[in-house]
Amino acid sequence: MSNVALGTNEFGNPDLETLEPGETSATKTSTAGRKYYSLAHDADEVLAAELSSLLHERFVTFHTEFIEITQRAQQRFLDRDWQGHQSDASERLKVHTREVNETVDICQDRLPAAGTDGAKGKQARSTWLEVQQGYVAKVSDRNDMELAETFYNSVTRRVFDIVGLDRELEFLWLGPTALPSGDAAADEFETFDATGNTADAIKAMLQSCSLGEHFADIDRDARLVAERIDKHITETWLGLHAIDVLKPLFFRNRGAYLVGRLRWINRIAPCILPIVHDDRGVHVDAVLMSEGSTSRLFSYARSYMHVLCERPAAMVSFLKSMLPVKPLAELYTTLGYSQHGKTNLFRALYRHMEHSNNRFERTRGAVGMVMSVFALPSFNVVFKVIKDRFP
């Protein structure tokens with residue numbers, strides 16, 4: 001005859017639990033506990049899978065919409081719709097923040113204990129580590145995976161109220177990262193043979209770009225550009241072998257830019273053609289061939305470029321080849337990826353501090369009322385901290 005133990009059911013009411021021969025109430029409870037633990041663990045795995053999918057979907061939504069807005073730039077340029085371009089720039093700035101905030105709201109609803117202490121907080125962290133692994137599996141083969149890491153970190157820091165660094169939950173790598181080599185980035189640019197007539201190479205470049213059919217006088221532009229390049233080459237090199245040109249055009253404010261580089265043997269120099277659309281039609285306005293002028297074009301002091309780059313790292317790699325001292329943070333920021341630009345700036349600062357004995361100093365000049373300004377003497381960045389209260 002089986003033994004019977006008196007207990008309570010899930011509603012707190014008395015319940016009869018049947019025990020098998022030789023089984024005590026204690027062993028039965030232990031077995032049930034393992035079953036409940038198994039169910040809870042399965043639930044955590046399901047939740048982690050759902051949240052990793054959510055993060056991936058939201059990141060894809062962000063970058064897809066970012067690219068869709070960017071695609072409008074060429075038509076805005078052709079229509080001379082400068083106000084529309086400014087509206088697009090403003091709209092594009094908000095996409096990342098919106099997707100991050102909406103993702104954070106959902107994650108906090110699903111993990112209400114995130115960022116708290118105690119057993120539930122530890123369980124939330126454990127679940128999030130599984131979310132991280134699932135997310136890695138989804139984005140590791142993407143062409144924009146570096147942006148995906150930054151998106152994940154933006155969500156994670158808000159969900160868990162992280163101050164400083166959390167080496168367990170964040171994607172935190174402060175060592176060097178690889179950019180695509182020239183061969184790996186080859187799909188992003190075209191190469192034009194320049195060993196013969198330079199004007200013919202320039203005309204082929206202009207015809208191949210997406211504005212090719214819209215130039216008012218392409219032969220005139222090719223001739224004038226070629227004259228400038230030939231004069232520059234005569235003063236610097238002994239010849240010119242080829243010109244590499246990025247396939248997508250860069251747009252900003254009222255200008256478009258054909259971004260390329262001159263090559264002779266193993267030497268590289270920038271070759272940027274600013275293009276304008278005015279009462280005379282579409283035409284090349286200038287030729288930039290110095291590192292200094294190109295660096296100013298791709299700097300923090302300017303607004304963001306609108307350029308179609310589904311492989312941002314490959315685009316940055318091409319630009320870096322012409323601007324070897326330009327920080328990655330500035331290049332990513334110039335392309336409109338300001339959040340990832342901040343990621344690279346932090347990494348650069350952290351690495352610099354590891355190898356520097358300098359201390360932060362207040363900058364020279366009159367002390368302001370609104371912010372405190374300081375810098376590292378050996379790091380080419382000024383830091384500004386806005387005060388909570390000021391006169």
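User: Which residue in strand 7 is the bridge partner of Arg 263?

Analyst: In this predicted model, Arg 263 has Ile 268 of strand 7 as its bridge partner.

User: What makes strand 6 and strand 7 count as a pair?

Analyst: Two strands pair if there are at least two bridges between them. Strand 6 and strand 7 (residues 267-278) have 10 bridges, so they pair, and they do it in the antiparallel sense. They also form a hairpin with two residues between them, and Ile 265 in the turn has a positive phi of about 55°.

User: Why is strand 6 called mostly covered?

Analyst: A residue is buried when its relative accessible area is under 20%. Nine of the 10 residues in strand 6 (residues 255-264) are buried, so the strand is described as mostly covered.

User: Now the helices! Why are helix 5 and helix 11 called roughly perpendicular?

Analyst: The range for that name is 65 to 115 degrees. The axes of helix 5 (residues 145-159) and helix 11 (residues 338-354) cross at roughly 85°, and therefore the two helices are roughly perpendicular to each other.

User: Which residues of helix 11 make the contact?

Analyst: Gln 339, His 340, Thr 343 and Arg 347 do, and on the helix 5 side the contact is made by Glu 146, Leu 147, Glu 149 and Thr 150.

Key. Residues numbered from 1 in each chain as written. Predicted model: local features only at pLDDT ≥ 70, side-chain atom pairs only at ≥ 80, totals over all residues. Heavy atoms only, no water. Axes fitted to C-alpha atoms, helices over the stretch in contact; angles between N-to-C directions. Helix = DSSP H or I, 4+ residues; strand = E, 2+ residues; numbered from the N terminus. Parallel < 35°, antiparallel > 145°, perpendicular 65-115°, else oblique. Contact = heavy atoms within 4.5 Å. Buried < 20%, exposed > 50% of the residue type's maximum accessible area, 1.4 Å probe, protein only.
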